[in-house]
Number of protein chains: 2
Amino acid sequence: MDKLGANPANSCALTPLGFLERAATVFGDCPSVVYHDTVFTWSQTHRRCLRLASALVSSLGISRGDVVSVLLPNVPAMYEMHFAVPMSGAVLNSINTRLDARTVSVLLRHSGSKLIFVDPALLPVLRDALRLLPAGHTAPRVVLVEDPHEKEFPPAPAAALTYERLVEKGDPEFAWVRPASEWDPMILNYTSGTTSAPKGVVHCHRGIFLITVDSLVDWAVPPRPTYLWTLPMFHANGWSFPWGMAVVGGTNVCLRRVDAAEAIGFEVSHGYGLTETAGLVLSCAWKGEWDKLPASERARLKARQGVRTPGMAEVDVVDGETGRSVPRDGSTMGEIVLRGGCITLGYLNDEAATKAAIRDNGWFYTGDVGVMHPDGYVEIRDRSKDVIISGGENISSVEVESVLYGHPAVNEAAVVARPDEFWGETPCAFVSLKQGGGAVTAADVVAWSRERMPRYMVPKTVIFRDELPKTSTGKIQKYVLRNIAKEMGPTTGTNTNRNSKM
Amino acid sequence: MDKLGANPANSCALTPLGFLERAATVFGDCPSVVYHDTVFTWSQTHRRCLRLASALVSSLGISRGDVVSVLLPNVPAMYEMHFAVPMSGAVLNSINTRLDARTVSVLLRHSGSKLIFVDPALLPVLRDALRLLPAGHTAPRVVLVEDPHEKEFPPAPAAALTYERLVEKGDPEFAWVRPASEWDPMILNYTSGTTSAPKGVVHCHRGIFLITVDSLVDWAVPPRPTYLWTLPMFHANGWSFPWGMAVVGGTNVCLRRVDAAEAIGFEVSHGYGLTETAGLVLSCAWKGEWDKLPASERARLKARQGVRTPGMAEVDVVDGETGRSVPRDGSTMGEIVLRGGCITLGYLNDEAATKAAIRDNGWFYTGDVGVMHPDGYVEIRDRSKDVIISGGENISSVEVESVLYGHPAVNEAAVVARPDEFWGETPCAFVSLKQGGGAVTAADVVAWSRERMPRYMVPKTVIFRDELPKTSTGKIQKYVLRNIAKEMGPTTGTNTNRNSKM
């Protein structure tokens, strides 16, 4: 039996790109992408993607491994890119549309992007970003993506390179570029950087294939669903559902912006993933018997990140020092670690970050701190860098924050470590108040906390701000606050609470 | 980007065995296996499989790569084996329960099986098979699988090695044996051999993982289904659904025999696979617009084998000589070829058969002859060896048989090639008649055929038999008939029809 192994018929590369041709065969006349009164069928989407991939190669000289960026809202072209760009052999790099010109410039430079597709509304940001590229850096070529549904956009100049002109040039019979290996890069996503500078997460064809099929199974996606795109596709590639919709013949409903007041009728599910996992790899698989519990208990259970999806190999919560699994007691904290086929290849041009996250013991270290409950469900308690160690005791900043959020006047709260001469670190709370919430002092916040948590966890410093600093995806930038706390200098080990207003 | 590739966190072996631990976490208290009034939960199935795997290693000395055979109907132990045996590191070899002692003996010898689990009802066949093993061949150890629900079975002798005694000995905390590589053998299935001697098809962990997840998606299996086992699990491992049920937390309803008169209420779906693909790799994906067609047209469409499942890389129909794709015209015949992650590693100890089926061009040759319809759906027309070439014309024996089956007196019909001095080959029909169907002569059969098919396709020889020879799975053994036709000697190129009664 030892003589048998991988062979030419079974070792062809796993890739999600083949889903599209199958969708054209099975769901050819069914709607694939809907946007205002534009409706494409799966046959049309298939042919348009082949045309675009062909034009990228023949007209624009894109070759295997080149990076092609996109700066687009959830319009039909954004959907098509998820197939068309890798079908040309290139690596798709979706850029967060909320970034400023400086950051876009940094990403274009770091990725060495050859080409960028841009929405008319985002052209000003892109122009500024291109101007910020260092002298000598070859700027990516720009393709404007028309949107006839937005009447305020000026028509594209006759000479401009536009998306539809490129599609027209292409050959719908193009033999798309299959990956030479299933480990070939297919996707480049920059993390939004809550704790550090953006890192370029690279995913391969195999990883994207696996997360796509895994998510369909884990989320029990039915055949021929209608999929309303509210999650931006630039965000971890829409958690792989652009490819998944081709498997099940779904209808992708595109929206430039999500502004409906939808409040009822949804069944909420809870999942967990990172840019580094290409999609959701834990989900709070719901048990029928939980339906009978009171609402507060149901909310407590639903808030847990849950169990690994079927395609993931393993998840664990491990002690930072010993590397051993923490007890399954729902209270001992450790770092959440993962292994499975959809874990990133690593960070582009950042060997140190890659080595820090992907260890020789076979685990990917998420940087998230959590607990393992006795029933095998994982729950996040914090980001690892957000753990405050005071007098040798670990303090979860998330836990302190959740108490602060319970205060009726508190709008936002973030707790970070502040150096302390005696305790090492003490909790420092940044708080913004609700409008018209009345006057609240630091002493009030401390008193509120003392009644609700152990003494050592109570913030020693409380700082009020009108608003807390956030990333473009709305996450509070704790590293900014951490720097502020650091610059304030150490507390002195006594129980001082200051009412600083910045 | 070239520096990034497989790493310790993402290259862990794909295997379906991890589904069981997850099922115990998510569906712990839900029913996993039901048999009469025996009901196991997923927690229990998980612990029982770990116990059994542990006992195989510790008590019976099974080690990585050993072959463990089972000769069981669809009882709970048969389900558990699909996890427990490979969790011990061994390769699971399910044996067709309808085989005779001689064939079982051949398989036990060829596989070098170390251990065999047997049902009390199949013990006599096994005993005969063991007696037929050649002198010097180490016979596998026998484990009797009790069935307290079958009252006529005598109780197991106190000293006998039984399944439940083995489970009791095992450790439910056993660290199951993970495959060293995802290409490690996990499954050994013998084909039933319609065209030749049985071949030992070997599947690896990766292939079984892929076909399992692929089948769940393609067949849109919902969460927590109830799965009635009518397909024998020995048949291509129940098309991978034993593992799939652990993913979705299904309830496996086991039946020793299927004898209910169930006639209505089923929605029939049509799929295609081979032992060599570990499950179904084509399915006749149904289009909503077909619902409006007349019943005969719907039946015609449903009879097509269809399109590749999402996880398969490619399917094609190729010309035997040129190797090129046949036209998509629904009439030009060629051999159906496949590539994808679930294709077999090859045939055990049979390099020639492996090389014949798995070619360097990256295709697995199925031996099935079909056509590609203009809409991309594949339809089988014949087994390649069943093509009769008469005067340079390809004759589909299936096509001729379908005309013969249309005759009101015909019960069974099989058409094979008989050598011919002038035409090379001519069709030779073997026919059995319905009881009380009246007297039918060879001339009648020929006359019936002449009115309904081209002259060159009309059988030149018609042979009546009371019953046609069949494999244990009920397939007509054409190779037996082909040998008979060959031994009759060549026809003489004239249009002679003989009424032979054998």
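**Close-up views of a predicted two-chain model**

**View 1. Strand 14 and strand 15 of chain A form an antiparallel pair.** Six bridges join strand 14 to strand 15 (residues 334-340) in this predicted model. Backbone hydrogen bonds are what pair the strands of a sheet, in either the parallel or the antiparallel sense.

**View 2. Strand 19 and strand 20 of chain B form a hairpin.** Strand 19 (residues 387-390) pairs with strand 20 (residues 393-396) in the antiparallel sense over four bridges. B:V387 stands opposite B:S396 of strand 20. Two residues lie between the strands, and B:G391 takes a positive phi near 60 degrees in this hairpin.

**View 3. Chain B is superposed on chain A by a rotation.** The rotation is 180 degrees, with a shift of 0.1 Å along its axis and an RMSD of 0.3 Å. This is the relation of a two-fold axis. B:V217 comes closest to the rotation axis of the residues of chain B, its C-alpha lying at 3.1 Å. The copies meet through the same surface, because 100% of the interface residues of chain B are also interface residues in chain A.

**View 4. A:W290 and A:Y377 form an aromatic pair.** Over all chains, the structure holds 18 aromatic pairs. The rings of A:W290 and A:Y377 are edge-to-face, 5.6 Å centre to centre, with 70 degrees between the planes. A:W290 lies in the loop between strand 12 (279-283) and helix 10 (295-302) of chain A, and A:Y377 in the loop between strand 17 (364-372) and strand 18 of chain A, so the pair ties together parts that are 87 residues apart in sequence. Both A:W290 and A:Y377 are buried.

**View 5. A:F422 and A:W423 form another edge-to-face pair.** Their centres are 4.8 Å apart, and the planes stand at 80 degrees. A:F422 counts as exposed, at 60% relative accessibility, while A:W423 is partly exposed, at 37%.

Technical notes:
Residues are numbered from 1 along each chain as its sequence is written. Chains are lettered from A and ligands numbered from 1 in the order in which they are written. This is a predicted model: local features need pLDDT of at least 70, side-chain atom pairs count only at pLDDT 80 or more; totals for chains, interfaces and linings use all residues. Side-chain values use heavy atoms; hydrogens and water are left out. Two strands pair if DSSP finds at least two bridges between them. Copies are superposed by least squares on the C-alpha atoms of residues with pLDDT of at least 70 in both. Contact means heavy atoms within 4.5 Å. Rings of Phe, Tyr and Trp (its six-membered ring) pair if their centres lie within 6.5 Å; planes under 30 degrees apart count as stacked, over 60 as edge-to-face and the rest as tilted. Buried means under 20% relative accessible area, exposed over 50%, partly exposed in between (1.4 Å probe, protein chains only).
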